[in-house]
Amino acid sequence: MNDKMIETFDAVVSEGSFAKAAERLFCSNVTVMNQINMLENETGVVLFNRTNHGARLTAAGRIFYEDMRRVTEMIDHSVNRARQAAASGRKIIRIGTSILRPCREITDIWKNISDYHPEFRIMLIPFSDGQCAR
């Protein structure tokens, strides 16, 4: 099972039809049908009742969808936690820069000393000179 199958499955559920899912995913109806067929073959379960009016989840498809949503949410949550942990040791120094107030000198100095302070990172924040407090 791959991400493309899950993305296609989610699109068909959300859109209610293979054709609308294909439009949303910018692919052909055949591609959507093939992805769903591969998913059903891999799981060994019929996930959709197909009609001329669209596709509706079977009872097994509904269970698969609910669990798939929970797993997707857990993965997203896990990625966010990992990103937070990776960033927790970093300290960000934000420096405002504009055409009239360039920060070239600071960035030149930073290039020379950044290896000695890997816990720090510089983030340049562009602003319009017309927005400066005077």
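Predicted model: local features only at pLDDT ≥ 70, side-chain atom pairs only at ≥ 80, totals over all residues.

Student: What's the radius of gyration, and what would a compact globule of 134 residues have?
Tutor: The protein has 25 Å, while a compact globule with that number of residues would be near 14 Å. The C-alpha atoms fill a box of roughly 65 × 35 × 25 Å along the principal axes.

Student: What share of the residues counts as buried?
Tutor: 25% of the 134 residues do. The accessible surface is about 9900 Å², and 54% of that belongs to carbon and sulfur atoms.

Student: New topic: how many aromatic pairs are there?
Tutor: The count is four. One of them is F9 with F48, a tilted pair with 5.5 Å from centre to centre and 55 degrees between the planes.

Student: Which parts does that pair tie together?
Tutor: F9 sits in helix α1 (residues 3-15) and F48 in strand β1 (residues 48-51), so the pair links parts that are 39 residues apart in sequence.

Student: Are F9 and F48 buried or exposed?
Tutor: Both F9 and F48 are buried. They also belong to one aromatic cluster with F18, F64 and Y65.

Student: Last one, what about charges?
Tutor: There are 18 positive and 16 negative side chains, with the centres of the two sets 5 Å apart.

Notes. Residues numbered from 1 in each chain as written. Heavy atoms only, no water. Rg over C-alpha atoms; globule rule 2.2 N^0.38 Å. Buried < 20%, exposed > 50% of the residue type's maximum accessible area, 1.4 Å probe, protein only. Areas by Shrake-Rupley, 256 points an atom, 1.4 Å probe, with all protein chains shown as cover. Lys, Arg positive; Asp, Glu negative; His and termini not counted. Charge placed at Lys NZ, Arg CZ, Asp CG, Glu CD. Phe/Tyr/Trp six-rings, centres within 6.5 Å; stacked < 30°, edge-to-face > 60°. Helix = DSSP H or I, 4+ residues; strand = E, 2+ residues; numbered from the N terminus.
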